[in-house]
Amino acid sequence: MALNILVVDDSSVMRSIVIKTLKMTGLPLGEIWEGSNGAEGLRILQEQWIDLAIVDIHMPVMDGEEMINHLRENEQYQNLPVIVVSSESDPSKIEMMHRKGATFIHKPFKPETLKEVMIAVTGVSNEYTD
Amino acid sequence: MNTQIDCDVRAKIERTLYESSVSTFEDTCFMYLAPEMEEEQKELPLEAASEARYRGDWTGKLLIETRGGMLEAIASNILSLDEPSLQQKKDALGEIANIICGNVVISLGRHGRVSKIESPKFLSEEELQTEEDIGSCVAGITLNFFEGRADIKFYVDGYIAAKEQNSD
Amino acid sequence: MVYTVGVADTKISGDDEDLLITYALGSCLGVTVYDFKKKKGALLHCMLPDSSIDREKAAGNPSVYVDTGMKAMMDNFYRNGSRKNDLIIRVAGGASSKMNQAEDFFQIGRRNFVSLRKYLWDEGLMLKASDVGGYGSRTVTLEIANGKMIIKSQGSLKEL
């Protein structure tokens with residue numbers, strides 16, 4: 001199964017870092033979509049099939065927290081795997097993300113961390129097989 | 001505005017500022033510190049600056065200034081590009097400011113909840129001069145790399161929660 | 001056969017009876033690459049982070065430096081038909097030269113690891129596992145038959 005992935009971050013540089021890391025993982029990737037805030041992310045989700053969303057917290061227009069709230073309120077996206085990649089360091093905010101079913105990765109992060117979390121939340125892995 | 005921050009919190013902010021800056025440069029930019037600053041690196045002219053503002057119980061900003069080729073090296077390393085564009089250099093520096101700011105604001109303490117870190121802003125030298133007057137710098141570090149120098153400062157403009165308490 | 005990899009040295013083998021070993025990794029890095037499809041492995045023992053300090057020395061022996069050592073080792077795999085996704089890259093070493101890391105002025109071990117990360121990032125390669133930092137030396141072995149990487153350190157034994 002190839003993963004269609006949505007990357008939502010207001011920083012084009014951080015989107016580049018995440019997308020480069022995704023390609024390094026060796027995991028089966030389908031389409032990668034980019035949004036620069038939560039509202040754009042939700043619009044892409046309405047138009048495309050997405051298997052995994054990788055989302056920042058602090059963004060203009062609509063932040064990551066509000067985007068995740070919208071996802072969890074919508075039956076269609078209630079179980080969508082979400083990884084939050086953020087420099088947010090407030091434990092109560094991080095705990096809140098966990099309660100909403102999102103896995104948190106703290107910036108700065110190492111590429112292997114994103115790969116491990118992707119495997120854990122999607123169950124997809126093609127490591128060392130033909 | 002109440003910007004009273006006690007010595008322990010100041011020390012904690014400075015420690016976190018140093019540690020998170022070093023790990024951000026190592027993990028995101030693949031740069032490591034040079035053991036000591038060469039004489040000429042002390043006199044390097046300002047090359048670029050970027051700030052990330054935060055809002056919440058506390059408001060303020062993190063400011064990063066680069067000198068001696070750091071601006072290009074940061075973007076080049078992050079994006080694996082030999083010649084990054086000016087926009088890529090600005091974005092890359094801004095992202096570094098953003099990451100470090102997110103790591104440092106938590107040091108403001110349990111009453112220092114920050115609800116928002118704004119998108120980073122690249123500053124011209126003129127803007128930087130004006131910006132310097134806003135808020136108090138509570139911690140500042142200079143990091144010396146083989147690629148150049150980074151000066152990182154953490155500002156606190158005001159403590160909204162303290163003001164509210166005072167008005168009770 | 002057991003091949004000992006010296007300091008600033010690389011050994012590459014495709015013989016499943018071979019075992020590559022390197023001793024006394026302190027701040028140096030021991031990087032292994034294993035192609036699980038071709039059952040071919042390599043072990044690099046490199047000393048310093050960046051070849052830009054002495055290009056001539058690096059040209060004479062690329063294995064001295066992390067960047068040139070990695071490039072020479074990886075080029076051997078690519079030349080012989082290995083694909084990136086079939087390569088398992090692991091690393092050990094990069095220890096501090098002082099028990100108290102604050103006293104480690106040059107931080108060679110830490111710099112070596114950052115330099116390795118830069119090489120991997122630029123080449124789009126992912127690290128599978130690492131055992132780096134701390135204080136004390138490590139011995140690393142790589143079994144060509146199965147790709148097992150074993151690290152011996154201060155009496156303990158672990159597989160990466």
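1. At what angle do helix H2 (residues 38-47) of chain A and helix H3 (residues 64-73) of chain A pack, and how far apart are their axes? The angle is about 30°, and the axes are 8 Å apart. Angles under 35 degrees count as roughly parallel, so H2(A) and H3(A) are roughly parallel to each other. From H2(A), the contact uses Gly38(A), Gly41(A) and Leu42(A). From H3(A) come Gly64(A), Glu66(A), Met67(A) and His70(A). By class, this contact has 2 nonpolar, 4 polar and 1 charged residues.

2. A word on confidence. This is a predicted model. The predictor gives the complex an ipTM of 0.87. The pTM is 0.90. For chain C, pLDDT averages 94, and 99% of the residues score at least 70.

3. Next, the make-up of chain B. Chain B holds 6 helices and 6 strands. Read from the N terminus, the order of elements is α-α-β-β-α-α-β-β-α-β-β-α. Of the 168 residues in chain B, 49% are buried. Take the contacts in chain B between residues at least 6 apart in sequence: 70% of them join residues at least 24 apart.

4. One helix pair in chain B deserves a look. Helix H1 (residues 7-27) of chain B and helix H4 (residues 86-104) of chain B have axes that come within 9 Å. These axes cross at roughly 140°. Roughly antiparallel would need an angle over 145 degrees, so H1(B) and H4(B) are oblique to each other. The crossing of the two is right-handed. On the H1(B) side, the contact residues are Ile13(B), Thr16(B), Leu17(B), Ser20(B), Ser21(B) and Thr24(B). They meet Ile96(B), Ile99(B), Ile100(B), Asn103(B) and Val104(B) of H4(B). By class, the contact of H1(B) with H4(B) has 6 nonpolar and 5 polar residues, with no charged ones.

5. Which elements of chain B each supply at least two residues of the side that touches chain A? In total, 20 residues of chain B are in contact with 17 residues of chain A. H1, helix H3 (70-79), H4 and strand E3 (114-117) of chain B each supply at least two residues of that side. H4(B) gives the most, with 8 residues. The side of chain B that touches chain A divides into 7 nonpolar, 8 polar and 5 charged residues.

6. Chain B also touches chain C. The contact takes 6 residues from chain B and 9 residues from chain C. The chain B side of this contact has 3 nonpolar, 2 polar and 1 charged residues.

7. Check the peptide bond between Lys107(A) and Pro108(A). This bond is cis, with omega about 0°. Pro108(A) sits in the loop between strand E5 (102-106) and helix H5 (111-122) of chain A.

8. Val121(A) is found in helix H5 of chain A. Is Val121(A) buried, exposed or partly exposed? Val121(A) has 16 C-beta neighbours inside 10 Å, so the residue counts as partly exposed. Burial would need 20 or more. Leaving aside neighbours within four places in sequence, Val121(A) is in contact with Leu52(A), Pro81(A), Ile83(A) and Thr103(A). Val121(A) and Arg72(A) are 49 residues apart in sequence. In space they are 16 Å apart, C-alpha to C-alpha.

9. Ala8(C) is not a glycine, although its phi is positive, at about 60°. Ala8(C) lies in the loop between strand E1 (2-4) and strand E2 (9-13) of chain C. Because Ala8(C) has 18 C-beta neighbours inside 10 Å, this residue counts as partly exposed.

10. The other alanine is Ala24(C). Its phi is near 55°, again a positive value in a residue other than glycine. Where does Ala24(C) lie? Ala24(C) is in strand E3 (residues 19-25) of chain C. With 13 C-beta neighbours inside 10 Å, Ala24(C) therefore counts as partly exposed. The cut-off for exposed is 12 or fewer.

Note on methods. Residues are numbered from 1 along each chain as its sequence is written. Chains are lettered from A and ligands numbered from 1 in the order in which they are written. This is a predicted model: local features need pLDDT of at least 70, side-chain atom pairs count only at pLDDT 80 or more; totals for chains, interfaces and linings use all residues. Axes are lines fitted to C-alpha atoms, for helices over the stretch in contact, and angles run from 0 to 180 degrees between N-to-C directions. Helices (H or I, at least four residues) and strands (E, at least two) are DSSP runs, numbered from the N terminus. Angles under 35 degrees count as roughly parallel, over 145 as roughly antiparallel, 65 to 115 as roughly perpendicular and the rest as oblique. A crossing is left-handed if the near helix is turned anticlockwise from the far one by less than a right angle, and right-handed if clockwise. Two residues are in contact if their C-beta atoms, placed from the backbone, lie within 7 Å. Ala, Val, Leu, Ile, Met, Phe, Trp, Tyr, Cys and Pro count as nonpolar, Asp, Glu, Lys and Arg as charged, and the others, Gly among them, as polar. pLDDT is the predictor's confidence in each residue, from 0 to 100.
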